[in-house]
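Let's walk through this structure together, one piece at a time. Please keep the viewer open as you read.

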2 protein chains.
Amino acid sequence: MAQNIYDNPDFFSGYSQLPRQVHGLEAAPEWPAIRAMLPELTGKHVADLGCGFGWASRWMRAQGAVSVLGVDLSQNMIARAKADTSDPTIEYLIADLATLELPEAAFNLVYSALSFHYVADFQRLTRMIHKALVPAGDLVFTAEHPIFMAAAHPHWITDEDGRKTWPVNRYSLEGERRTDWFAKGVLKYHRTLGTTLTTLIDAGFESRRVEEFAPTREQIERLPELAEELERPMMLLVSARKTERR
Amino acid sequence: MAQNIYDNPDFFSGYSQLPRQVHGLEAAPEWPAIRAMLPELTGKHVADLGCGFGWASRWMRAQGAVSVLGVDLSQNMIARAKADTSDPTIEYLIADLATLELPEAAFNLVYSALSFHYVADFQRLTRMIHKALVPAGDLVFTAEHPIFMAAAHPHWITDEDGRKTWPVNRYSLEGERRTDWFAKGVLKYHRTLGTTLTTLIDAGFESRRVEEFAPTREQIERLPELAEELERPMMLLVSARKTERR
C-alpha cells in the first residue's frame, strides 16, 4: 500500500500552499508541455489518477470530456475536490493506485500527474491501466524524473566552477527513496528510465512522446528561479498509446 | 562533419589498448545486454555504423548474417578491420555518419555501438537509417548516456557520506561537449533522453527496449570496479523497429 502522506496534517498544510495547488494548472510550469501531449478531449471518458484537488479533472471536463473519474488516496484532497465542483459527470473516488482496479475498456484517456512515483509496483499499475483503456486509448502521465530521485541525498550542490549541480548515485538500485518534503520520510519509489519505458512497452503501450520538462526562455524571463531546471530534469512526461500486449 | 579523433595518433594508441579493442565483444560488460536485444541474424543484411575494428561485424556474420557493411570514419580502424577478415561478405567503408547515405530498404538490421553521440544531427541520422531499413527492420544501438555526458565537468565526486556520485548539470542544454579522453577536446554531442526517444518516434521507429547498462552481480564479482556503474548509467541501449513515419 502507498504511504498516505497527503493526509498527514503538516504535509497537507504545506503542500496546499504550493502555487499549483492554490492557482491550479497554469501555475505548474510543465502544464503547457503536458497540454501539448494530451489528445482531443471532446466526447472522451477520462480517469485522472492522483487527482488531488481536481484541477485537471475539472479542466478536462471543461475541454469536452463526457465523464471524468478522479482518484486519490487522500481524503483531504478528495474532500476539497468534491467541494470544488457540482458537475455530476465528475466523480471522485478515494483509492490507492497500488491496489486500484478500474473497469475494463472504460476510458479513452488515463491521465496522471506526479503520482506514479508513489507506486511500488509499476508493472501491475501499467497492466491495470492497459485493461482499463479502450483500444488505441491514451495514457499521459508525469512522474518525478529518476535523475531527480536516485541519489541518497537529492539536493543541489555546486561544481568546481560554482555551477548548480545535481548529484546522481544509486541510479541502478531501484526501490524505496525517503525524502523530507513538508514532512519527514516521504516515501517514493525510484525506477530507472529504462524500467519505466520497457515496463510500458511490455504492458502493451507504444510511446508517442517522451519528454523531460525544461522551462522555456519565456518562462525563465517571467520566473528566473526556473533557470535551475535546465541543469537537471525534475519531471518525466510520457504520452503512450494502447496497442496489443506483447 | 564529425571530428575524426580516432585517427589522432595519441588517441588511437590509447584507445587500441582498451580491453574491448584487444579482446573483442566479450570484454565489453554491456555486450550480454546488447546481444539479448538483437534479432535473429540468420539470413539478414546488416549495417554496423561505427564498426571500429569490426568485432561486431565479424560476430554478426558468424551468427548467420548474409552480408555485413561496416562503416567507420577512421582510416586506422577500417584498415585494421579489413586486415582482420578475408570474408568477402563483410564490406568495410570509410564514411562519416554525419553525411552517410545508405541504399534504400537494403538492411534488415542497423547496429551501432557507442558512435551516435559523435553525430550532431540525430534527426538526419535516424531518418536516413529508417529509409535504409526494410519494413519492420531493426535498429539496435548503444550511445553514451546523457547523464554521463551532460555536465561541464563529468567526473566522479563524493557525496556527504563518501559515496561515489556523478554530477549532472546543463542536462537540458543540448549540443557540444568536449572531454579529455586519450586526447584533449574529444567532441561529442549531448542530447536528452527525451530528444533521443522522441526523435526516433518521429522518424518512424517504435521502441521495443530501452535499457541503461548496469552490471549484474556476477559481473561485479568477477570485476569489482564495475560496481561504480550502479551509481550512474554510462550507456543507453535502445532496440527500435521501423514502422511508418508519423
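How many of the 6 residues of strand β2 (residues 67–72) of chain A are buried? The count is 5, so β2(A) is largely enclosed by the rest of the structure. Here a residue is buried if 20 or more other C-beta atoms lie within 10 Å of its own, exposed if 12 or fewer, and partly exposed in between, with C-beta atoms placed from the backbone. Helices (H or I, at least four residues) and strands (E, at least two) are DSSP runs, numbered from the N terminus.

Before going further, a word on conventions. This is a predicted model, in which local features need pLDDT of at least 70 and side-chain atom pairs count only at pLDDT 80 or more, while totals for chains, interfaces and linings use all residues. Residues are numbered from 1 along each chain as its sequence is written, and chains are lettered from A and ligands numbered from 1 in the order in which they are written.

Now look at the neighbours of β2(A). Strand β1 (residues 45–49) of chain A pairs with β2(A) in the parallel sense over 5 bridges; two strands count as paired if DSSP finds at least two bridges between them. Within this pairing, Leu49(A) has Val71(A) as its bridge partner in β2(A). To get from β1(A) to β2(A), the chain passes through helix α4 (residues 55–62) of chain A, in a right-handed β-α-β crossover. Right-handed means that, with the strands pointing away from the viewer, the path from the first strand over the helix to the second runs clockwise.

β2(A) also pairs with strand β3 (residues 90–94) of chain A, in the parallel sense over 5 bridges, and Gly70(A) stands opposite Tyr92(A) in β3(A). The crossover from β2(A) to β3(A) goes through helix α5 (residues 75–83) of chain A and is right-handed.

Back at β1(A), a parallel pairing over 3 bridges joins β1(A) to β4(A), with Ala47(A) opposite Val110(A) in β4(A). Strand β4 (residues 107–113) of chain A is mostly covered, with 7 of its 7 residues buried. β4(A) in turn pairs in the parallel sense with strand β5 (residues 133–144) of chain A over 6 bridges, where Phe107(A) has Leu133(A) as its bridge partner. β4(A), helix α6 (residues 122–132) of chain A and β5(A) form a right-handed β-α-β unit.

Val22(A) is exposed, with 10 other C-beta atoms within 10 Å.

Next, the nonpolar interior. In soluble globular proteins, nonpolar side chains tend to be buried together. The largest nonpolar core here has 128 residues, and those with the most contacts inside it are Val110(A), Val168(A), Val110(B) and Val168(B). Such a core is a set of buried Ala, Val, Leu, Ile, Met, Phe, Trp, Tyr and Cys residues joined through C-beta atoms within 7 Å.

How do the two chains relate?

Across the interface, 36 residues of chain B are in contact with 36 residues of chain A, where contact means C-beta atoms, placed from the backbone, within 7 Å. β10(B) gives the most to the side of chain B that touches chain A, with 7 residues.

Finally, follow the strands from one chain into the other. β7 (residues 164–168) of chain A and β7(B) pair in the antiparallel sense over 3 bridges, and Trp166(A) stands opposite Val168(B). An open antiparallel sheet of 4 strands runs in the order β6(A)-β7(A)-β7(B)-β6(B). β6 (157–158) of chain A and β6 (157–158) of chain B stand at the edges, each with a single partner strand, so one side of each is left without a neighbour in the sheet.

Terms used:
Two residues are in contact if their C-beta atoms, placed from the backbone, lie within 7 Å.
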